[in-house]
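Open the model in your viewer and keep the selection panel at hand. We will go from a whole chain to an interface, then to domains and sheets.

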Amino acid sequence: MSTNFDRRNFLKISAGASAGLAMHSFAAAGGAPARTLLGKPVPAYTGWKDVYRQQWTWDKVVRGTHITNCWYQAHCAWDVYVKDGLVFREEQAAEYEKVNDELPDYNPRGCNKGGCFSERMYDPTRVTHPLKRVGERGGNKWERVSWDAALTDIADTWLDVATKEGTDRVIWDIGPADDYAQNTAAFARISGLTQSVLLDMNTEIGDGHRGALETFGKISFESSADDYFYSDLILFWAGNPLYTQIPNAHFFTEAKYRGAKIISIAPDYNASAIKADLWIPAKPGTDAALALGVARLLIKDGKIKPDFIREQTDLVFLVRNDTQHFLTEADLKDGGKATVFYAYDEATRSVQPMPWKTLTLGELRPALEHTAHVRLKDGSEVAVSTVYSRMLLRIEDYTPEHVGRICGIEPWMVKRLAAEIGNAKRVRNTTQSTHSKLYHGNLATRAMALVFALTGQIGHKGAGFSGFPMLANEGVESFMIARNLKELDEHPPEIAAMFAQRMAAGDTLEQVINDMSNILMQPGALPFALPVNASGTLFWHIHAGISELSDHAADWNRGLKRSVKDHVSEALGKKWQPCVPKPGDDPRIMFSVMSNPLRRIRGNQKIVEVLLPKLAKYVVLDFRMNSSTRFADYVLPVSTWYERTNFKWVTPLSPYLTITNAATPALGESKSDFEAIFLLAKKIEERARARGIAVVRTPHGLEVNFSTLYQRMTFDGTYTEKDGEKVLKHIFEHGKLFGDVTWEQAKEKGFVRYTRISNDFVSAGNQTDIPKNDSIVALANHVQKKVPYPTTTRRIQFYLDHPLYHEYDEVLPRHKDAPTMGGNYPLLLSGGKARWSIHSTWRDSRLMMRMHRPEPYVVISVGDAAARGIKEMDWVSIRNDIGSFKARAAVSPTMQPGQTMIYNGWERHHFPKGGDMNSVSPSPINPVELAGGAGQHLRPFFIQGQGSMFDRETRVEIELAERAA
Amino acid sequence: MSKRQVAMVMDLNKCIGCQTCTVACKTLWTRNEGQKHMLWNTVNTQPGQGTPHNWEKMGGGFRNGEPQPGHRPGVGDFGKAWDFNYKEAFHGGEPGVRLAPLGGEPGQGPNHDEDVGGGTYPDNYFFYLPRLCNHCTHPACLEACPRKAIEKREEDGIVLINEDHCRGFRFCQEACPYKKIYFNEARGISQKCIFCFPRLDQGVANACARQCPGRLRFVGYLDDPDGPIHKLVHKYGVALPLHPEYGTEPNVYYVPPLSPSKHDADGKPTGEMQIPLDYLESLFGKKVHQVLALLIDEREKNRKGEKSELMDILIAREWIKNFGPFDKHPRSIENIKVVVK
């Protein structure tokens, strides 16, 4: 009988597996009973139907999931089927209980990638043994080494670097392995105990949702996906949720059947636009203009909600006309606070301070449109006007005709969009990270938020503005911070005191949590060792030389007032932004843990040219060979998600913690990244003792003791490399987020619904209830319970009174033309998350490539292709001032003329030599993103406020190329 | 005639083209020798070339009850299932060598023209069409097989190729007007969708249906008046067979795709749908007009807050009810024991 072809191939390359693993084997009918090498009896052949019946049998089934960053579509509970010691397929668990009788249930979830991880985990990209490079870096030659040999070499290098150059020269580049569970516990702990540096990747990967931070003081807020079912207008604005939210997409189509309208705003006629009632094909990078045009019409047509605006926004706050700063108590009284703001009260016809411990206005009736004169403490009189009045001036030019010209759409579309929004009872948009990847995307998000705030479409069932969906667990943070077992259960006294004092003074829990995570970006800020979190974006720009791609370039229509270098020096000098290690202190060791920077980083050639030569060791931990392993000194094999028990952060869109169980032992010599990091700590301690190294002073004045590292890492042996699950249990139980459900029950079932929002660094922003029998409504705590926002004004804030925003005239949202990043070329290169991969994780899976395309391709409009003599499947060269790459042409009528598109995730090794899709992306720093400073909500903290990297709207030319090798 | 007939309805308004169905089928049934290129379930963008490429022009089926000549699709028509130079790319090949499909020019796979569709920007249109064997009431493949190796099951009308009897003459491939039969070169037999009969026999819905995240697939008996299939096909008549003119009476039905009205220069809806109706009619027959009108009306009812049983069925609040009697959890069934001598 037949054998599994793919598996057989896999076995040839896998030294760790045994033979006899065919998916089904039958003995010839009538022959003697046969036995496989595993000793199992082989059934007699009884007929072809039994072959199929046998194919759908298994030895074992466990609940599992994929601990990667599928983000919006995270996470799905699967049944993982095991036969003959191998995972042979997976099928969704599909046991989500209905939330109530009205809402569609969450079943079955899942997607095409999750449905074939069993194929991916055994495919030829899998790494099963530690590999050490032979010859030059990037030479593609390897030798197998033992874990012990690899870790010894790495540990010795670490000790050399830490003692001779500085503890902060060791860098952790963490990708989707940042599970905010087991792995995070391991690397945050080793970072804190060694003062090595964890790069915060979220803004760097282009998911920073800068505009949400600017407006709401946070990015983590999102409703549940079933809440769309309550909406009567759903906006697919700047996103393609049919690609990015596969398991949630049924809520859109089902809401549509319930009567909701869908409007898609996207330049290309994408997979989501086909489900819309109206498609508005605005040009790339013009969302701000469209939103401001809509805001103008909503105001003009009286479709706004004044009471919501008065209570929830800073639009009623007064601004001094002389200084353009907010009018504060410090202006009016000696010893007055700069954090108390004023409005004009229509009830008493006087200027009154706005409440700041609550949003409740009481008797106050702040005016929307108003200009007044106030007497300052020095006796002088100044004119003040509301933010709302200023906003009216700002948006008066955004007429439908003007907006139509900017966006390349008919003016009626602007009017229709405004009318649909103005007349809808409940409007929600879908979350998107497109704006985070546009140089002026923050302005677009702010303008969209203005539309939602003006109409009060925030914080109610079926209505809301979507931020950054993330929902994690508090428990892991105790592993980051704790010095002893007691502190695993309760905050260290220093931190507990800070929380108590701040809360007593009237700050919200959310504000204090944000400040605490900001402290973790300032090494040495507290007198004991905390993990060192640093801005990924600045790290790559400064230490990997990415900024060299744009610093010497022409202005590219950025309207720079000063050099970017000057801006960066200011931001570092004023401690607005962190860069660790400091410029000039070269990194020496970098670990990429399930992270793939050579695939991901815009301008990645600079990593090869500038960063890698500085590194004494580049160590990649992954389960598969990828763009980054190609340049590694060591590749350490990591077990896959079906080979270990773990869970990961999820999102409020699907508020179910989802647990994966070990279905099979880890293949070959692979180990979990958790275990690998603990073993590294053990080896460092062992080598430190052998070499007589103990206490080392850090550049920030702390002391690190390498001779007791493992001892402290494990809490004196309580949590060792073998105790990954014990760590999970602690994290699970610590936050009491799951009601009465025990860890054992959750593990068995594979998923469990959150009962409340976790108050951790990354998800505290959600701050809302999780009803047992209803949808989750983002920002409801602010809108319904009147809890202040964590912004400077404690309101939804549209007036950004920060020197950088004044310098660039972005104090209020506006449209700015996109910079010509890359040079003066006619085509805009845009991008998007693909249907066929989660980042690069499935991108070179042969099954996925067979079902679509096996080579990278750029989508080109019919007209642009014809003008260049380009036909479908031609090889083309995509180039600009900073680089070029080759790909296949996909000519499509869905693409807007002038726009071209390459979907995310192609590996560097997919491209012919000479460049990949990042080679044309200079990703210049946008100076306003360097903002920071005391009292500002614009400052770096976990996953936000750190500066983005931009690839959308890169300018390119495309021409026919020679056939690739 | 079989005693009963199982059927599947797919609501194209809910299909998101994610191919989870294709993957579900692939990982369960076609990973064995000779099956590399087989996708018993496919999803293609319409209008487009489909799988196998240009299958609608390959003939077969019946006209006025008479079998029609058909073309036999080759492995190339189904799209190559490429192998790749992984070893060279990662272990020892020339530095920087690209990971590429083996065998020269890759040509076009089964889903090459995904998300292309028809029309001219910005008047585009496309939708997704998932396909599998239609398990026809009047199967052309069965009639064409000289070995009588194709059976239509008495108990539920599932059409199966008996792999013990099949000798790979491939007349079935010529006869099937939907071109959903593959040829296994390694084993010299024809193979196709088995409608997951081992699962249905145990009361578990088909993998493609149960694993569909878009929740657009309904499974059940056509004669079960309480099941969604009967209601969608007979009571409301909104589920239509693909190319009814092929004369094989498919038992896979489709709820046709709605699309918004076009607009004139002032933004007024013209009433003309984005997807040309004559195109939809060419796929689903003349009934498509009344079906789309009914769907629009029922959606409007719901928008006004009125009840609509049809919309409730299509919304499928309780997903498991999409599968009629095939609602068992795969974990709950007795693992099939094959006799050991």
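Select chain B. In this predicted model, chain B has 341 residues and a radius of gyration of 21 Å. A compact globule with 341 residues would have a value near 20 Å, so chain B agrees with that expectation.

Now colour chain B by secondary structure. You will find 11 helices and 16 strands. How much of chain B is buried? Buried residues make up 56% of its 341 residues. Take the contacts between residues at least 6 apart in sequence: 65% of them join residues at least 24 apart.

**The interface of chains A and B**

Keep chain B and show chain A as well. Here 85 residues of chain B are in contact with 91 residues of chain A. Which elements of chain B give two or more residues to this side? Select α1 (20-29), α3 (86-90), β5 (118-120), α6 (197-200), α7 (207-210), α10 (288-303) and α11 (309-315) of chain B. Stop at α1(B), which gives the most, with eight residues. Then colour the side of chain B that touches chain A by residue class. It shows 39 nonpolar, 24 polar and 22 charged residues.

**The domains of chain A**

- domain 1: 1-57
- domain 2: 131-207 + 483-641 + 668-722
- domain 3: 210-305 + 393-470 + 777-807
- domain 4: 306-388
- domain 5: 827-960

Pick domain 2 and domain 3 of chain A. Their C-alpha centres lie 36 Å apart. Seven residues of domain 2 of chain A are in contact with nine residues of domain 3 of chain A.

**A four-stranded sheet**

Stay in chain A and find the open sheet with the order β10-β9-β8-β16. Its four strands pair in parallel. Select the edge strands, β10 (278-280) and β16 (427-429) of chain A; each pairs on one side only. Neighbouring strands of this sheet are turned by 20° against each other on average, direction ignored.

Zoom in on strand β8 (residues 233-237) of chain A. Three bridges join β8(A) to β16(A) in the parallel sense. Click L235(A): what is its bridge partner in β16(A)? The partner is N429(A).

Next, select the open sheet of chain A with the order β11-β15-β14. The pairing of these three strands is antiparallel. At the edges are β11 (318-320) and β14 (371-375) of chain A, each pairing on one side only. On average, neighbouring strands of this sheet are turned by 40° against each other, direction ignored.

Which residue of β15(A) stands opposite R320(A)? Show the side chains and you will see V384(A) there. Strand β15 (residues 381-386) of chain A pairs with β11(A) over three bridges, in the antiparallel sense.

Helix α12(A) lies across β11, β14 and β15 of chain A.

Technical notes
Residues are numbered from 1 along each chain as its sequence is written. Chains are lettered from A and ligands numbered from 1 in the order in which they are written. This is a predicted model: local features need pLDDT of at least 70, side-chain atom pairs count only at pLDDT 80 or more; totals for chains, interfaces and linings use all residues. Two residues are in contact if their C-beta atoms, placed from the backbone, lie within 7 Å. Ala, Val, Leu, Ile, Met, Phe, Trp, Tyr, Cys and Pro count as nonpolar, Asp, Glu, Lys and Arg as charged, and the others, Gly among them, as polar. Two strands pair if DSSP finds at least two bridges between them. Axes are lines fitted to C-alpha atoms, for helices over the stretch in contact, and angles run from 0 to 180 degrees between N-to-C directions. The radius of gyration is taken over C-alpha atoms; the globule rule is 2.2 Å times the number of residues to the power 0.38. A residue is buried if 20 or more other C-beta atoms lie within 10 Å of its own, exposed if 12 or fewer, and partly exposed in between; C-beta atoms are placed from the backbone. Domain bounds come from an automatic or database domain assignment.
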